[in-house]
Protein chains: 2
Amino acid sequence: MPLTVAQLSESDLLERIFPRLRTGIPWQECVVVGPGDDAAVLAVADGRVVVSIDTQVQDMDFRLQWPSGYHTTGFDVGWKAAAQNLSDINAMGGRATSLAVSLTLPGSTDVQWVEDLADGLNAAIRQLGADGCSVIGGDIGAGAQIAVTAAVTGSLEGRKPVLRSGAQPGDVVVLAGTVGRAAAGLALLESTHEYSSLQAEHLNLVQNQCCPLPPLAAGPAAAEAGSTAMLDISDGLVKDAQRLASASGVRIDFDPEVLSSLAEPLRSAADLLGIDPMEWVLGGGEDHGLLATVNPIVMPLPGFTAVGSVKAGSKGVTIGSQSPANVGWDHFAD
Amino acid sequence: MPLTVAQLSESDLLERIFPRLRTGIPWQECVVVGPGDDAAVLAVADGRVVVSIDTQVQDMDFRLQWPSGYHTTGFDVGWKAAAQNLSDINAMGGRATSLAVSLTLPGSTDVQWVEDLADGLNAAIRQLGADGCSVIGGDIGAGAQIAVTAAVTGSLEGRKPVLRSGAQPGDVVVLAGTVGRAAAGLALLESTHEYSSLQAEHLNLVQNQCCPLPPLAAGPAAAEAGSTAMLDISDGLVKDAQRLASASGVRIDFDPEVLSSLAEPLRSAADLLGIDPMEWVLGGGEDHGLLATVNPIVMPLPGFTAVGSVKAGSKGVTIGSQSPANVGWDHFAD
């Protein structure tokens with residue numbers, strides 16, 4: 001019988017987790033007080049701290065077992081918890097400095113699964129390039145479902161935060177990272193196509209759903225270049241572009257040819273499932289790409305692709321000046 | 001039919017919550033970017049930020065309906081989420097500057113209950129005196145159980161953080177706030193004594209369980225006075241004193257007469273339930289009182305009562321130099 005969480009005390013479980021959170025990552029000088037006290041203390045050289053929080057809940061944000069036969073690992077959940085939160089700092093133009101993680105676990109959870117979660121947190125921080133980020137604390141409690149909340153802090157390193165509200169008519173709309181891949185992966189996981197027999201190209205899409213790859217160098221680079229507005233695409237390109245357009249009082253007009261080209265890498269999976277890949281491009285979240293607006297003078301901006309332009313007026317989002325509904329996409333509902 | 005969470009979008013729900021979070025509390029100057037973007041930005045005058053995180057889960061940390069007939073309100077849950085987190089900053093000698101709140105809610109949750117939760121968060125911040133604290137953001141998602149996670153930041157205002165590890169032999173052990181009251185309230189809620197017929201004294205104990213009163217002025221005052229070690233009592237006086245003793249490599253010896261006097265206000269409820277009130281004093285958490293050690297030279301320390309002394313040696317906790325087991329208490333299990 002594998003060891004379960006119910007058989008360990010909270011402190012025993014934390015003792016198994018914390019050593020895993022520093023593998024290959026130097027302990028940051030900015031950590032004045034690390035895990036183990038009532039709270040952690042971080043040095044903040046910049047005089048400002050960026051803060052966000054995000055939760056994943058079993059059966060809402062992930063399934064432990066999918067119709068395709070895939071079993072979500074602790075590693076996946078840890079990776080995604082880190083990636084989502086690191087992305088929020090990225091979207092402000094900052095770099096993450098700390099994660100505090102609160103775990104809710106059924107007593108029947110395998111301890112190994114929780115250790116894998118710690119490994120996933122650590123691997124995401126390291127492999128996504130968030131080298132300045134340390135896991136500074138957290139807590140563990142019981143519940144009927146697995147839930148992972150992470151709170152993240154970040155530094156702007158002297159830069160201005162990039163808000164959603166600064167886009168100017170005439171700006172270029174640019175994209176870093178991918179769109180639609182995590183949504184394609186989700187559709188594959190939810191399908192009855194057996195996971196273990198998927199081809200490599202499709203497995204990569206599943207990987208993008210389970211362990212997303214937010215482009216963490218791009219946020220600070222865009223801020224440095226004077227990006228006027230930015231957010232991370234967590235709920236879909238059109239919905240998130242609407243948020244940026246609404247906050248800035250402008251219209252975001254996407255280039256239909258560029259959007260079509262974004263759908264190409266998804267076509268094989270879309271054909272397998274009988275879906276229009278544009279649905280994933282326009283509506284798929286969770287790749288945690290960055291959507292930003294910049295003055296044309298700073299183009300080309302390394303790491304970003306031009307995908308449209310900012311127009312005057314508060315008409316939300318258009319594609320080639322047409323409403324997304326007119327180009328076949330009307331999943332506007334919140 | 002009351003409006004439920006499932007009938008609103010996340011943004012609609014947030015629009016109902018945020019206005020409630022600023023009632024009677026001035027928006028803090030330190031909030032550079034407030035709710036509504038990918039992350040918030042706080043100004044940090046002190047050059048350091050204190051960070052902690054804490055989760056409450058339905059049926060683990062609270063019941064929606066208790067055997068006594070009491071129904072936990074959203075206000076209670078919001079208050080407690082704030083109080084627990086503000087207490088962690090207090091225990092470092094800091095003052096809270098922000099809360100970010102992540103809510104997990106079943107779709108069937110009444111919107112009114114969630115609005116009450118926002119009111120409870122706001123009321124706790126205001127009534128506990130955390131005037132410098134703003135709710136700077138959060139997110140809302142679905143789940144099978146209600147869960148509330150708050151991440152808190154704080155400022156040390158130029159002081160050294162007070163850790164658990166600095167207690168010195170010869171120090172006085174001091175206590176701020178109450179012990180055992182929340183545990184007594186929990187026992188009353190779990191009993192079959194009808195809530196609505198409880199006498200006022202007992203209702204006050206229930207109130208301490210549902211809406212605890214951490215002594216938020218005491219932490220900064222102790223830090224200012226040079227307190228050598230401090231933590232908040234969230235898991236019980238003996239267990240938390242053991243943590244402090246273990247981190248500091250000392251023995252904490254409580255004065256049995258002082259502990260007995262702490263049990264007196266609990267005697268009436270204990271008699272009602274046929275319990276020894278010392279169980280609540282020694283083992284009851286959740287009042288979020290502060291246990292601290294100070295050099296005798298700084299005594300008396302306003303807001304704190306002397307409850308024992310620090311002895312050399314790493315023997316954990318004693319009561320009148322006896323093991324707690326020898327004075328009738330052996331609930332040591334983690």
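Student: In what sense do strand 7 and strand 11 of chain A pair, and over how many bridges?
Tutor: Strand 7 (residues 172–176) and strand 11 (residues 305–311) of chain A pair in the antiparallel sense over 4 bridges. Two strands pair if DSSP finds at least two bridges between them. Strands (E, at least two residues) and helices (H or I, at least four) are DSSP runs, numbered from the N terminus. This is a predicted model: local features need pLDDT of at least 70, side-chain atom pairs count only at pLDDT 80 or more, and totals for chains, interfaces and linings use all residues. Residues are numbered from 1 along each chain as its sequence is written, chains are lettered from A and ligands numbered from 1 in the order in which they are written, and side-chain values use heavy atoms, leaving out hydrogens and water.

Student: What stands opposite A:Val172 in strand 11 of chain A?
Tutor: A:Ser309 does.

Student: And what is the strand order of the open sheet in chain A?
Tutor: The order is 8-10-7-11-9-12, with mixed pairing among the 6 strands. Strand 8 (229–232) and strand 12 (316–319) of chain A are the edge strands, each pairing on one side only.

Student: Turning to chain B, which residue stands opposite B:Val172 in strand 10?
Tutor: That residue is B:Val294. Strand 7 (residues 172–176) and strand 10 (residues 290–294) of chain B pair in the antiparallel sense, over 5 bridges.

Student: Across which strands does helix 7 of chain B lie?
Tutor: Helix 7 (residues 237–248) of chain B lies across strand 8, strand 9 (251–254), strand 10 and strand 12 of chain B.

Notes. Contact = heavy atoms within 4.5 Å. Axes fitted to C-alpha atoms, helices over the stretch in contact; angles between N-to-C directions.
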